[in-house]
Every structure is written in structure tokens, then in C-alpha cells.
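Visitor: Hi, I'm new to this one. Could you walk me through it?
Guide: Happy to. Have a look first, and then ask away.

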Amino acid sequence: MIKLTKLASGVVAIAMVFSLTACGGGNEKGSDSTKAAETSAAGAAQTSQATANDNERVKIKFLSLSADDNRNNIRDKYIKVNVEKEMPNVEVEYDLGGGGQDYANKLKAYNASGDMPDVWFSEQNLSSVVVEAGNALDLAPYVQKSGFDKKFKMQEVVTPDKDGKLYCVQPGADQYFTPRLWYHKDVFAKNNIQVPTTFDELIKVCETLKGKGIVPMSIVGKDGWTPNLHMLQTMIMAEDPQVALDLTNNKTDFSNPVVKSALGRIQKLVQAGAFAPGVTNIDYGPAVEMYTSGKAAMLAMFTWETGNLEKASPDTDFIVWPSAKDGNDANASIQFWGAPLSGYLVSANSKNPEVAANFAMFCATQDALYYNIEQKAPTALDTGVKVEGISPLLQKSLDQFDAASVKIPSMWAATFNTKMSAEISTLNSKLLTGKFSADDYIKAINPVWAENFK
Amino acid sequence: MNKFYGNKLAIFIFSFPALLLFTAFVIYPLFPEILISFQKNDGFKSMGYVGFENYFNVLRDPTFWKSNVNTFTIVLISTCMGLPISLLLALIMDRQGERVKRFFKASSVFPAILSVTVIAQMWIAIYEPQWGLINSMLRGIGLDGLAMEWLSDERTVVLAITAAFLWQYIGLNALLFYTGIKAIPKTYYEAAVIDGAGFFRTSLKITIPLLQDVSKYVLVLSVLGSMSQFAHVRIMTAGGPGDVSRTVIYQLYYKAFSASDFGQGCAIAIIFVLECLVLTVFINKFVAREKVEF
């Protein structure tokens with residue numbers, strides 16, 4: 001009996017441990033049981049003419065994010081409404097995939113089965129997995145045939161990759177998101193502090209603010225978020241934007257002296273007390289709140305927070321991240337968030353590839369219209385809508401954005417694969433402790449970087 | 001009744017549905033995991049068998065060993081500090097009046113039934129470096145030098161997480177001990193009192209020895225619970241700063257789900273199973289081997 005008990009307890013212990021990884025194994029379809037797929041009644045209120053054409057209608061299954069307001073509004077107020085008018089031959093079955101990890105799991109399950117929806121929306125990291133599995137359709141011929149590519153202000157958004165393939169069409173809204181150094185004008189004025197124009201001046205400003213008991217700069221330190229998403233690249237671009245470009249194109253690695261100096265600058269900021277105590281544990285919300293509540297004088301954040309910051313802190317302004325090298329004009333180059341595979345993709349196994357491709361381009365256009373009309377934000381895709389009522393702060397950002405001659409995509413969004421993202425998060429978190437050297441960083445990341453493009 | 005329990009067919013018929021479910025949903029998934037640990041696998045597809053490469057990579061990784069040190073630190077503190085405190089609380093609870101006992105019982109269970117997320121968020125606030133409870137108290141009594149960045153300092157982060165974990169389960173363990181104490185016949189205590197034994201002597205000579213079955217049960221629960229520590233780490237520090245506070249299970253999660261390396265994730269799982277088995281065998285072999293009957 002004792003032996004049986006021991007055996008049973010051993011089996012239970014094994015089972016409990018294994019079931020943790022088993023959750024992430026192959027069969028992920030079951031986890032989606034709570035996410036009801038919504039079948040659209042797209043054809044319910046059709047005209048008699050449309051009814052007559054029912055036999056010719058093509059059915060398209062469309063998987064979309066359904067956990068955030070922007071995505072829901074784009075689907076419900078633009079795509080659903082306008083597809084009736086503009087693509088009457090298409091009947092859309094809407095598959096609502098939730099958001100975050102739920103959406104990722106659903107898409108991964110489709111990808112594992114090879115039975116993708118005809119069209120879906122996904123970000124770079126998920127799209128790249130689908131493309132790698134050969135489940136995404138090359139859209140280049142359809143984009144060129146329809147002239148969709150001619151509508152882009154930034155041609156790189158619709159330029160095929162080195163193999164001549166284009167797997168994604170996008171509205172081009174992300175491309176206008178760029179990291180800024182936001183600051184409270186009142187706090188600077190009250191403490192008689194001038195806006196820094198060089199990195200050394202920025203360090204002095206941080207020291208002054210810290211000396212007065214104010215947190216100089218709020219950042220999201222948990223998981224190394226701010227250095228991951230932009231600060232490392234910002235610090236590289238502060239010295240030589242070309243090196244950031246070379247990294248995105250795999251022409252250099254992290255042992256480049258400019259990268260090493262950039263890492264050193266982040267370390268210098270930590271050592272100067274630029275960030276709040278316990279920065280490695282500060283999440284997104286608390287970081288923004290630390291700035292809007294006035295506890296921090298500056299905030300390192302993307303322009304997607306412009307509206308919120310203007311509303312919460314009317315004395316907000318921003319500066320371009322200061323240059324770290326004489327002769328490097330900080331205004332001449334800019335980092336943008338968009339990634340080549342963030343947008344609408346089409347299944348390589350779609351029964352109606354041309355209709356699906358046209359529907360994907362239609363979705364990208366509706367997406368852009370939403371941003372132009374509802375958010376009053378510009379998009380790289382020209383919809384013909386003149387964006388009016390832009391806030392002065394956003395306009396200032398856009399002017400500087402347009403004036404920059406070099407636009408470099410975010411390494412995080414556009415270049416890093418899953419493993420690289422995970423490892424660099426760990427290292428950036430360590431870097432924020434101030435006790436991790438640039439040399440150790442480079443030694444740890446270079447082997448992962450060598451695998452990144454394989 | 002005894003005849004019924006002696007009927008093997010009846011036992012099989014009644015336990016079959018549960019066994020079937022257990023086999024289908026718990027035992028069966030084990031086998032793919034073992035296979036995956038020998039593959040290069042990103043969670044969606046296998047890129048071929050790689051022999052023991054995943055195991056070698058895991059064992060060469062300093063973070064894996066650090067996560068082991070963290071895990072065993074938590075286990076050690078939970079058992080060597082947590083269990084004696086729980087036992088002491090149970091002994092104290094047993095000597096109180098009914099109303100106090102009721103309060104003790106309710107407050108013991110309360111933290112354990114709260115969501116880990118709530119507990120973790122509460123402790124994040126307690127540890128907050130600028131306005132958190134601990135640092136505010138330290139500054140309040142003039143010990144500014146002891147105010148630290150509890151969750152960002154590699155010297156304190158694991159201990160800080162362990163404290164939150166201990167706080168959540170110390171009461172529940174105390175309640176389990178208390179239940180064991182209530183099962184000890186009163187006659188032993190009555191005889192001890194007649195012989196002039198006080199609280200400490202009765203506790204040492206009667207209560208603790210007669211609690212060995214319960215102690216073993218609580219020990220196993222505590223060890224396995226501490227070994228599989230994940231949620232507190234995920235919420236409180238995400239394994240950081242860097243990888244400083246990762247436990248073995250967190251490292252498994254990181255490899256499988258963050259770095260999309262399911263091969264290494266499953267290899268870690270199997271190594272972890274072996275560690276758990278060694279501990280289980282150790283506890284079974286050396287702790288409370290003799291059956292105690294009242």
C-alpha cells in the first residue's frame with residue numbers, strides 16, 4: 001500500500017509539472033471555446049439587386065482583433081458598413097479573435113493546422129511565424145495590379161522584400177508613431193532649467209532635477225520595455241543613425257562601437273539617477289502616471305500617448321532626443337514604429353485569392369480612413385481625406401517627422417524575432433540596474449543576434 | 001461495507017470514469033512533452049530531433065542554475081521558517097477562547113483564498129521604494145539607510161517574493177496544523193496537566209510528536225507548492241531585474257513561451273520532474289516514517 005501511495009504521488013507530481021507545458025503544446029483550438037466566432041449578417045439587409053447576385057457572392061472569412069476599441073470601431077463602423085457598398089460580391093464571415101495572448105493563440109492554432117482564415121490582421125511577430133510556415137499569400141501582384149501601392153506616401157511600406165514578395169498590406173498609421181522626450185514646461189521653468197540639446201546637457205538636467213527631489217525621467221522599466229522599444233535605438237541614432245539602419249538590415253552587430261557607446265549612455269543615465277527608484281519594476285501605467293501626476297519631469301514615450309498627455313498635463317511639450325555627437329543633427333533622423341508585417345494578410349490557401357487580396361486592401365483603406373476621420377491622425381496610405389483639427393503638439397511632431405530626411409523603422413517592431421525580443425528584454429532589464437556592463441551585454445546578445453535573421 | 005470495499009470489480013467500476021479522465025487529460029499529454037524535449041521545436045512545428053542538445057543547453061545555461069538556487073531558497077525558507085511559524089500559530093490558536101479561535105480561523109484562510117494577483121499587487125505596493133509601507137516605516141523611525149528597492153535589488157528580490165508567498169499560505173498551514181491538533185485525544189493533555197506539564201512541555205512531548213502525519217502532509221504541500229512557484233514571480237517582478245528572480249518554473253515558461261523554444265522548455269520540465277521526485281523520495285524516506293496511532 002505504501003509503495004502504491006508513493007507511486008501515485010510520484011505520478012501526480014510528474015503530471016502537475018508536465019501539464020504546465022502541455023498547456024502550450026499543439027492542441028490550442030480547445031482554448032478558444034469562450035471566443036464565439038461571429039458570423040456576419042452582412043447580406044441580411046441587401047438590396048434586391050444584391051439578392052439576385054447571391055449565387056455569385058464570394059465568402060471570405062475575416063479574423064480580427066476584438067479586444068480594443070480601435071480595432072472594434074474599424075471593423076464595425078468602417079469595414080462592415082462599407083463592404084456592402086464597395087464589395088457587394090463579397091460575403092464576410094467575421095471571426096472575432098479577442099486580443100493579446102488569446103488572439104495570438106488562435107492565430108497560432110490556425111497556423112499550426114494550415115487552415116487560415118482568408119484574411120486576418122496581425123502584428124509583425126505573429127505575421128512572421130505565419131509567413132515562415134508558408135501560410136501567407138504574396139500580395140505583390142495584386143497590390144501592383146490594383147495600383148494600391150501608388151497611394152502610399154512612404155513607399156517602403158509597400159515595397160516587396162528582397163525576394164520580391166509582399167505579405168502584408170497596411171494603413172500606414174503606425175509609421176507616424178515615434179519616440180519623444182516629453183517634459184513639463186512648468187517644472188523646467190520653475191527650476192530654471194533649459195531644454196537640453198545634447199546628451200551631456202541631458203545628464204546635467206537629470207542631475208539638477210534629482211538634486212531638487214524630482215524624478216528626472218519616467219520610463220517603463222519592467223521587462224526593459226523602454227530600452228527595448230526605443231531607447232537603445234534612440235541612443236544609437238543619437239550618435240550615428242546609419243548604425244541603427246545597418247542593424248535593421250543585418251549589416252552590423254552589437255559589437256559595433258556605436259552600439260557599445262549607446263549602451264554606455266543608458267548606463268550613464270541610470271548612474272546619474274535619471275530614472276525613478278525601483279525602475280526595473282515600473283510598468284506602463286505607473287510610468288505614464290508618474291509623469292502626468294507631476295512626480296517626474298520628463299517621460300520617454302511614443303507619440304501614441306500624445307492625446308492622453310495633452311489632456312492630463314496641459315503644460316506638456318516634447319523635445320527631440322538630444323544628439324550625442326557633434327555634427328549629428330537630432331532633427332535629421334527619426335525612428336518610426338511600423339513594421340513590414342503589421343497589417344492585413346491573406347491565406348496562401350484561400351479559395352479566392354484575388355477577392356481575398358482585394359478585401360485585405362479594402363480593410364487597410366478602411367483602417368486608414370478610421371485614423372484620418374476619427375482620430376484625426378495622418379496615415380502613410382493616402383485615403384483622399386484631409387486630416388483637420390490636429391492638435392498643436394501633434395502637428396509639431398508631424399512637422400518634425402516630415403522634415404526628417406532619414407526614417408528608420410523600429411528594430412524591436414521590424415527586426416527582432418521572438419527569441420531576440422525575449423533575450424534583449426532580459427538584458428535591457430539588467431542594464432537598468434546600472435550594474436551590468438556594456439561588454440557583458442554585447443557578449444550575451446551577439447550569439448542570439450547571429451541567429452536572428454536565419 | 002468491508003465486503004464491498006474488498007470487491008476489486010466494484011472499485012474498478014467506480015474509479016474508472018475518474019481514471020479515464022485523468023489518463024486522457026493528464027497522463028497522455030506527458031508523452032509528447034518527453035518527445036519534444038529531444039526536438040528543436042518552436043511550439044508549432046518540430047524542426048527535427050536533436051538528441052540531448054536541449055538538455056546540454058539547459059545545463060550549460062547559468063540562468064537555469066540561478067533559477068534553481070532561487071527555487072530552493074524559497075523551498076528552504078518556506079519549510080524551515082514558514083512551517084514552524086504555522087505550527088506555533090496553531091498551538092497558540094488552540095489555547096484561545098471560541099471567539100478568538102473563530103477570528104483566527106477566518107483570518108488564516110482569508111489570504112489563501114485571495115487571488116495571487118491581488119496579493120502580489122498588495123506586496124508590490126508594500127515594497128514600493130518611494131512611498132511603500134516598509135520604506136515609509138523605516139524612514140519614520142530614522143532607519144533611512146535600510147530603505148531599499150526591495151524588488152529591484154538582486155540581494156533582496158527573492159526574499160521579498162518569498163515573504164509575500166509565505167504570508168499568503170502561513171495561515172492556511174496553521175489551520176491544517178490546528179485541525180491535526182484537534183484530532184489528538186484530550187486525555188493525553190489531561191494526564192499531562194495532572195503530571196504538572198505546561199504549554200511548552202505538552203507541545204513538545206505530546207502535540208508535535210502526535211502531529212507527524214499532518215506535519216508530513218503540510219511539508220509535502222509546502223515543498224511542492226514552493227517548488228512550483230510562478231505566479232508571484234510573474235506578477236511581482238516578471239523574473240527581473242533581468243533574470244535575477246526567476247524560479248525553475250519561470251525559466252521553463254520563459255524558454256517555452258517567451259523565447260519560443262519548446263524543446264528547451266520541455267527539457268527543463270523533465271529535469272524539474274526529476275528534482276521533484278528526488279525530494280518526494282527524500283521526504284518519504286526520512287520524514288515521519290512510523291505510523292502514529294492515538
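Visitor: How many residues of chain B are in contact with chain A?
Guide: This is a predicted model, and in it 39 residues of chain B are in contact with 34 residues of chain A.

Visitor: Which helices of chain B supply at least two residues of that side?
Guide: Four stretches do: helix H2 (8–27), helix H3 (30–36), helix H14 (248–258) and helix H15 (262–286) of chain B.

Visitor: And which one gives the most?
Guide: That is H15(B), with 9 residues on the side of chain B that touches chain A.

Visitor: How do the residues on that side divide into nonpolar, polar and charged?
Guide: On the side of chain B that touches chain A, 23 are nonpolar, 11 are polar and 5 are charged.

Visitor: Let's switch to the sheet in chain A. What order are the strands in?
Guide: The order is S2-S1-S3-S9 in chain A, an open sheet of 4 strands with mixed pairing. Strand S2 (90–96) and strand S9 (343–346) of chain A are the edge strands, each pairing on one side only.

Visitor: How many degrees are neighbouring strands turned against each other?
Guide: On average 25 degrees, direction ignored.

Visitor: In which sense do S1 and S3 of chain A pair?
Guide: Parallel, over 2 bridges, between strand S1 (residues 58–64) and strand S3 (residues 119–122) of chain A. In S3(A), A:Val119 is the bridge partner of A:Phe62.

Visitor: Which helix packs on the sheet?
Guide: Helix H14 (residues 353–373) of chain A does, touching S1, S2, S3 and S9 of chain A. The direction of this helix makes about 175 degrees with that of S9(A).

How values were computed
Residues numbered from 1 in each chain as written. Chains lettered and ligands numbered in written order. Predicted model: local features only at pLDDT ≥ 70, side-chain atom pairs only at ≥ 80, totals over all residues. Contact = placed C-beta atoms within 7 Å. Nonpolar A, V, L, I, M, F, W, Y, C, P; charged D, E, K, R; others polar. Pairing = 2+ DSSP bridges. Axes fitted to C-alpha atoms, helices over the stretch in contact; angles between N-to-C directions.
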